[in-house]
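Visitor: I am new to this structure and would like a close look at one part of it. Could you take me through the charged pairs, step by step, and then show me what lies around them?

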Amino acid sequence: MSLVDVKKEAAQLPDAWRSVVLGRVGTAAVKVLRMDGRELPEEEHGTAEVLFVVDGVLELELEEEELTVAAGEACRIPAGKRHAVRAGSRGTLLIVEVPDGE
């Protein structure tokens with residue numbers, strides 16, 4: 001077993017909003033990224049995601065619904081659901097990406 005300092009991994013990333021895979025659990029990829037306050041355009045993925053805010057806050061728009069995810073909270077986004085990051089999202093985000101059907 002090895003320990004991973006999630007905040008340190010995110011802080012060392014050269015660019016905000018570019019995730020790196022920390023590891024895998026079965027077929028799920030566990031990723032981390034650093035949020036820097038910028039908004040990002042709407043997107044959708046072929047995989048479900050669980051977004052866990054380690055520190056800071058994540059401001060999301062999920063198909064016209066606005067959602068604030070605070071530190072210590074998580075949000076599950078089903079595969080194919082449109083979502084966008086709103087301005088003001090800052091901190092460390094842990095992403096668990098789960099392939100379809102899992």
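Guide: What follows is a walk through the salt bridges, and then through the nonpolar residues and the strands. Please keep in mind throughout that this is a predicted model.

Is Lys31 buried or exposed? Lys31 counts as buried, because its relative accessibility is 16% and the limit for that word is under 20%. Glu97, at 21% relative accessibility, counts as partly exposed. If residues up to four places away in sequence are set aside, Lys31 touches Ser19, Val20, Val21 and Leu22, and also Leu93, Leu94, Ile95 and Glu97.

The next salt bridges share an arginine. Glu63 forms a salt bridge with Arg82, with the closest N and O atoms 3.9 Å apart. Glu63 lies in the loop between β4 (48-62) and β5 (65-70), and Arg82 lies in the loop between β6 (74-77) and β7 (83-85), so the pair ties together parts that are 19 residues apart in sequence. Glu63 counts as partly exposed at 33% relative accessibility, and Arg82 counts as partly exposed at 29%. Glu64 forms a salt bridge with Arg82 as well, and here the closest N and O atoms are 3.4 Å apart. This pair links distant parts of the chain, with Glu64 in the loop between β4 and β5 and Arg82 in the loop between β6 and β7, 18 residues apart. Glu64 counts as exposed, at 67% relative accessibility. Together with Glu42, the residues Glu63, Glu64 and Arg82 are linked in a network of salt bridges.

The loop that holds Glu63 leads us to the strands on either side. Strands β4 and β5 form a hairpin with two residues between them, and Glu63, in the turn, has a positive phi of about 45°. These two strands run antiparallel and are joined by six bridges, and along them Leu58 stands opposite Val69 in β5.

Leu58 also brings us to the nonpolar residues. The largest nonpolar core has 15 residues, and those with the most contacts inside it are Trp17, Leu51, Leu58, Leu60 and Leu93. Strands β2, β4, β6 and β8 are the elements that give two or more residues to this core, and β4 gives the most, with five residues. Trp17, leaving aside its neighbours within four places in sequence, is in contact with Leu33, Arg34, Met35, Asp36, Arg38, Leu40, Leu58, Val85 and Ser89. There is also a second, separate core of five residues, which includes Val6, Ala10, Val30 and Val32.

How values were computed: Residues are numbered from 1 along each chain as its sequence is written. This is a predicted model: local features need pLDDT of at least 70, side-chain atom pairs count only at pLDDT 80 or more; totals for chains, interfaces and linings use all residues. Side-chain values use heavy atoms; hydrogens and water are left out. Buried means under 20% relative accessible area, exposed over 50%, partly exposed in between (1.4 Å probe, protein chains only). Contact means heavy atoms within 4.5 Å. A salt bridge is a side-chain nitrogen of Lys or Arg within 4 Å of a carboxyl oxygen of Asp or Glu. Helices (H or I, at least four residues) and strands (E, at least two) are DSSP runs, numbered from the N terminus. A nonpolar core is a set of buried Ala, Val, Leu, Ile, Met, Phe, Trp, Tyr and Cys residues joined through side-chain atoms within 4.5 Å. Two strands pair if DSSP finds at least two bridges between them.
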